[in-house]
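Keep the 3D view open as you read.

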Amino acid sequence: MKIIKKPSWQLNENEVTPKELFDKRRNFLKLGAASLVASGAILETLAKDNIPIKNLDFIKDKNLNNLKLNTYEQITTYNNFYEFTTSKTRVKDLARTFDTSNWTIDIDGLVEKEMTLDLDDLMKTMSLEERIYRFRCVEGWSMVVPWIGFTLKDLIKKVKPLSKAKYVRFETLLDEEQFPDQARGIFATIKYPYVEGLRMDEAMNDLTLMAVGLYGSKMPNQNGAPIRLIVPWKYGFKSIKSIVRISFVEEQPVNSWQEQNSREYGFYANVNPNVDHPRWSQKRERVLGKFFKQDTLMFNGYEKEVAHLYKGMDLRKFI
Ligand SMILES: Nc1nc2c(c(=O)[nH]1)N[C@H]1C(S)=C(S)[C@@H](COP(=O)(O)O)O[C@H]1N2
Ligand SMILES: [Mo]
């Protein structure tokens with residue numbers, strides 16, 4: 001039998017709030033004494049990389065593309081989440097106390113019946129799966145993440161949009177008390193709330209995920225807790241975090257980055273190595289943790305799954 005010298009589920013005290021620590025212990029205790037013995041090696045591995053003990057049930061991704069995962073550490077310490085700060089390395093600290101309890105999502109616009117979904121209730125009705133995806137930021141860095149979530153398609157079927165609905169619009173939480181950059185009023189970095197949108201067929205594509213976790217555990221605050229969008233063939237800014245409203249609309253929504261600078265950022269934002277950003281090339285990318293750059297793939301490697309959505313569209317024009 002393996003003897004665990006130090007309780008391996010216990011992260012450094014200064015890295016977690018007492019509540020988080022309590023939840024982790026409780027989740028650990030739920031595993032029971034039998035699994036403690038069986039999973040000692042796993043626990044040690046998790047602790048080494050500071051990965052919280054698995055607390056979600058999901059169908060595993062078989063990783064047929066053999067993607068090499070970035071570490072939990074890499075994924076959770078280099079973040080874009082402007083509501084907290086524009087400093088990628090400071091997001092995790094400022095997000096530590098972000099309160100996501102009693103989270104609700106308003107469903108409105110062109111739907112049979114507008115409603116407010118309680119996230120905990122919703123989670124009980126959706127089956128979760130792991131999706132190992134490439135993730136490419138428009139700035140030129142990328143990573144591979146084992147997200148956990150359900151397809152947006154399954155949620156859309158549940159809330160029954162009307163046939164007039166042509167686009168889906170998403171909004172992030174507006175909360176000056178919790179988001180320091182929102183509290184800066186007219187000096188805020190961008191206009192809030194953060195908004196994103198998808199065409200209905202993009203939203204219904206099987207790749208499009210509502211993610212509630214990664215590496216088997218619930219979504220870290222800095223990565224967009226408790227629920228965010230993941231659209232792996234588009235630049236990262238489309239993957240809006242901490243969603244509180246989903247609206248079904250007739251007109252193409254204006255997303256935050258398009259509003260900020262429409263010459264540089266468009267509505268589609270499909271990953272495309274052949275169309276450069278006005279200020280830098282998009283041909284290559286640096287994977288977090290790697291020194292050398294690698295080639296960026298058309299539609300971030302998901303051409304087979306999504307190229308048909310843009311047939312006949314000039315991808316230089318529809319950026
Ligand atoms: N609400 C909100 N969502 C957001 C952002 C943001 O600043 N606010 N940044 C976007 C950008 S530019 C990227 S690259 C990804 C980063 O996700 P990550 O921190 O999980 O890597 O989130 C996207 N979603
Ligand atoms: Mo990004």
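Accessible areas here come from the Shrake-Rupley method with a 1.4 Å probe, and for residues only the protein chains shown count as cover. What you're looking at is a predicted model, where local features need pLDDT of at least 70, side-chain atom pairs count only at pLDDT 80 or more, and totals for chains, interfaces and linings use all residues. Side-chain values use heavy atoms, with hydrogens and water left out.

There are nine helices and twelve strands; these are DSSP runs (helices H or I, at least four residues; strands E, at least two), numbered from the N terminus. Of the 319 residues, 51% are buried, meaning under 20% relative accessible area with a 1.4 Å probe, protein chains only. Now take contacts (heavy atoms within 4.5 Å): among those between residues at least 6 apart in sequence, 70% join residues at least 24 apart.

## Around ligand 1

Which residues come nearest to ligand 1? Out of 19 residues around it, they are Tyr82, Glu83, Asn223, Arg228 and Lys241; to be near, a residue needs a heavy atom within 4 Å.

Next, some polar contacts (pairs of N or O atoms within 3.5 Å). An N or O atom in the side chain of glutamate 83 sits 2.8 Å from a nitrogen atom of ligand 1. Serine 239 uses a polar backbone atom, 3.0 Å from a nitrogen atom of the ligand. On its own, ligand 1 has 530 Å² of accessible area, and the protein covers 98% of that.

Helix α6 spans residues 152–159, and its buried residues include Leu152, Leu155, Ile156 and Val159. Looking down the axis of α6, the buried residues fall within an arc of 100°, so they line one face of the helix; the arc is taken from the directions from the helix axis to the C-beta atoms. Just after α6, lysine 160 has a positive phi of about 50°.

Glutamine 258 is in helix α8, residues 256–260. Why does glutamine 258 count as buried? Because its relative accessibility is 18%.

Methods. Residues are numbered from 1 along each chain as its sequence is written. Chains are lettered from A and ligands numbered from 1 in the order in which they are written. A polar contact is a pair of N or O atoms within 3.5 Å; within protein, one must be able to donate a hydrogen and the other to accept it, and residues adjacent in sequence count only if both atoms are side-chain atoms. Buried means under 20% relative accessible area, exposed over 50%, partly exposed in between (1.4 Å probe, protein chains only).
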